[in-house]
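Biologist: I have not worked with this structure before. Could you take me through it?

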Amino acid sequence: MKMKLFLAALIAALLGTTQVNAAKVRVVATLTDLADLTRNVGGEFVEVRSLATGIEDTHGVPMKPSFVPLLNRADLVVLVGFDCEHAFLPALLEASKNPKLQPGKPGYVDCSKGISPLEVPKSTDHSEGDVHPFGNPHYMLDPVLAKTAVRNICDALVAVAPEHEADFVKNRDVYLAKLDAKFVEWQAALAPFKGTKFVSYHGHWHYFAQRFGLVYYGTIELKPGVDPTARHIEGLVSSMKADHVPIVVREPQFPEKVPALIAKQTGATLIKLPIMPGGVPDTETYIAEMDYIVHSFVSALQK
Amino acid sequence: MCAGVEKLKMKLKKILGVSSALCLCATVAQAQETNAVEQLQQQLRQMQANFEKREAEDRQQIEALRKQVELLAQKPAAVTNPVVAAEATNSVSPGLFKELSDKVDNVVEAQKKSLPGEFNPAIGLVGDFLSSYHSQSADKMGSARPGGFDFWARSVELMASASVDPFAKGWVVANASADAATGESTFGIEEAALQTTSLPGNLTLTAGRFFGEFGRLAYIHDHELPFVNRPLALDNYIGGESRTDGGQLNWLVPVDHYISVTAGVGDQFGGDSPNPNNPGNFRAFYGLNFWGRASTFFNLTDNWQLEAGVSGMWNPKTQDRGGLLLQPNGVTTFTEKERRLAGVDWKISYVPLRENQFNSFTWGTEVLFSDNRFFINPDVTIPSTGYEGSVGSLGLYSYVNYKWSRQWSAGFLFDYLQSAQNHDDETLAYSPFLTYAWTHWNQLRLQYTHTDRSAVSGLKPDDAIYLQWSWIIGAHAHGWTQR
Ligand SMILES: [Zn+2]
């Protein structure tokens, strides 16, 4: 009898603790932009951790064992998709032993759902470098496509915590409205520079360029994940001169030497731009990051 | 506002119609030719771009109007009335919107599935070729390869992996390796294992033929090592790779700090073990091999990390493994009876968050203690009641590796080994190495190794230069063990 009472108390205590823990939806986002969007949609009902701190390369977040317990206890993993995280996420998810987060499960929140990729390769042959096999995954630099990510995140949160649906939906719409207002502002800021060409180290900027009417001229690296050869640099410099490309973008996770050299040889302005929030100081949120990017372009082009 | 909504509804309907047609077309086209798919992709992209644009414009309109309404009503509708707010942005026709977006999703997802990357199973091929020069002849090095100039296609490995069902994944590594002595190509199954993917309680069970978890580098394939040759201690104490036919259970301890615990049981342990252990007529449970490992990880700073582990292996009954200990009289031999192995390992690494593809540093060390116990050879008629001899020996390796660009890295490996049969037989080796990774599928490594062997062994010191070329084609996983 005493035993039964004890067991009942134990079970109650266990249930109690799980309920306290379940009060917040535990989310692990791969990158800081997705973490920020999730915080905005989830508000007080989510606890969000990001694997990246913001200064990493989107394809090169170190695979730290300390991420494993985080993923082990998470309800959702929010990712960019299009194989953006292929160098670290699949192995981490396997090591996490969390059946809820495995690909295809509702806890695996692929934010690319509903986005049609640019640059889908005709072949994934490695003669083309470490190609993005599903197309370019860097759609988060397009604020309109980021809205699709916001909706995907909201749907996933609603699925895992339907009791907060009204809040999630409300938060989502408030955030989308904020983003829309910002988008108008960014569009207006970049409107005078329509058709401006620019190069960057890695192909992060196709979606961004397309959205804002700029022209993404090419990459400094030879192929995705393959450093440029001297001949490639030479060719790029001469065609940039001929086509009057005024901007060289350097993502901070790549060495400055080659982009700086190209800027110097072509007379273009070198700007350092983050590829996710936290990539450079004062870009802690997605909106702050996009503000920074747009203003950097504007001030470089106004010179 | 009403007119705007009507206009949008019309547009949505139009897109919906076209997109359903697209859905059907896409399915057929996939089976036929890629040209049509590309065209459709183009169209779809265009359409989605237009749709996004229109959507953005309409949202702006709605937002602007809503702001006006808010102003007029003098109350923040978005905050106080979530339902109305939600409807204001979404009420255009939620059902229709959802249906449309689902259709578009389906088309996009279907396209994704037709990509070549989706082949099942994932297949990769690894080649590992060595050319070398040794200053000493083979008999003076105790080596199966000739001294002097040598070319050796050490291994060609074919790897295939896929999910078996929702509960397990499976993989096979077949190795066509050139026999070190004869050069004859031998084809063998290095690994063929199943691993559960959804056991409860943070458990994973691996069964079949696989590399058992002991230490840090014993379960890594040759071509993935940071240097050319497997450290002497692993070769001598484990027998190369920690290959086994058996089962292994791994447990991720459910705490906030990373702790991983593994225990396994199996037939032979070590790739070069000549025979299965104790095959005989009837084998008791203790005729098998047992091993285990516990490891943990610390973030020392954002960029510096420490991984550490302890491992053990126990083979309680080894008579048939073929281990013999010749006594100084040159006549009496002891037969290996029991094999025990313990190890500690640590790896301190600098992996800068920002530029880790261009710059990193690793210091890895593994120290192994071997305890081999011998019976007097039963063929010799001397009565025996217990161990006649026990050889305790120590082996270790320690290496540093520094990477200063995407392509270049260099390091130094130190090897120390007391033979498992005779701890007075010591070997020391010093190996600086330089690696050039053309890309991460294709890499060249130049290594110099000076090996000092003690006189007891009857072998001579040796200088060697290696040039290793290893490459991968097809699928390769960024696996957990290779991190
Ligand atoms: Zn990329």
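Biologist: What should I know about the model and its numbering?

Modeller: This is a predicted model, in which local features need pLDDT of at least 70 and side-chain atom pairs count only at pLDDT 80 or more, while totals for chains, interfaces and linings use all residues. Residues are numbered from 1 along each chain as its sequence is written, chains are lettered from A and ligands numbered from 1 in the order in which they are written, and side-chain values use heavy atoms, with hydrogens and water left out.

Biologist: How many helices and strands does chain A have?

Modeller: Chain A has 10 helices and eight strands. These are DSSP runs numbered from the N terminus, with helices (H or I) of at least four residues and strands (E) of at least two.

Biologist: And what share of chain A is buried?

Modeller: Of its 303 residues, 58% count as buried, that is, under 20% relative accessible area with a 1.4 Å probe, protein chains only.

Biologist: Which domains is chain A divided into?

Modeller: They are domain 1 (23-183) and domain 2 (192-301), with bounds from an automatic or database domain assignment. Their centres, taken over C-alpha atoms, are 25 Å apart. Domain 1 of chain A brings 39 residues to the contact and domain 2 of chain A brings 28, where contact means heavy atoms within 4.5 Å.

Biologist: Moving inside, how many residues are in the largest nonpolar core?

Modeller: That core has 89 residues, and those with the most contacts inside it include A:Leu92, A:Trp205 and A:Phe297. A nonpolar core is a set of buried Ala, Val, Leu, Ile, Met, Phe, Trp, Tyr and Cys residues joined through side-chain atoms within 4.5 Å. Helix H5 (residues 143-160) of chain A gives the largest share, 10 residues. Another core, of 25 residues, lies apart from it, with B:Leu225 and B:Tyr397 among them.

Biologist: What does A:Trp205 touch?

Modeller: Leaving out residues up to four places away in sequence, its contacts include A:Phe198, A:Tyr216, A:Pro274 and A:Ile293.

Biologist: Back to A:Leu92. Which helix has it among its buried residues?

Modeller: H4(A), where A:Leu89, A:Leu93 and A:Ser96 are also among the buried residues. Helix H4 (residues 89-96) is mostly covered, with six of its eight residues buried.

Biologist: What do those buried residues pack against?

Modeller: They pack against helix H3 (67-72), strand S3 (76-79) and strand S4 (108-110) of chain A, together with strand S6 (243-252) of chain B.

Biologist: What follows H4(A)?

Modeller: A:Lys97 follows, and its phi is positive, near 55 degrees.

Definitions and conventions
Buried means under 20% relative accessible area, exposed over 50%, partly exposed in between (1.4 Å probe, protein chains only).
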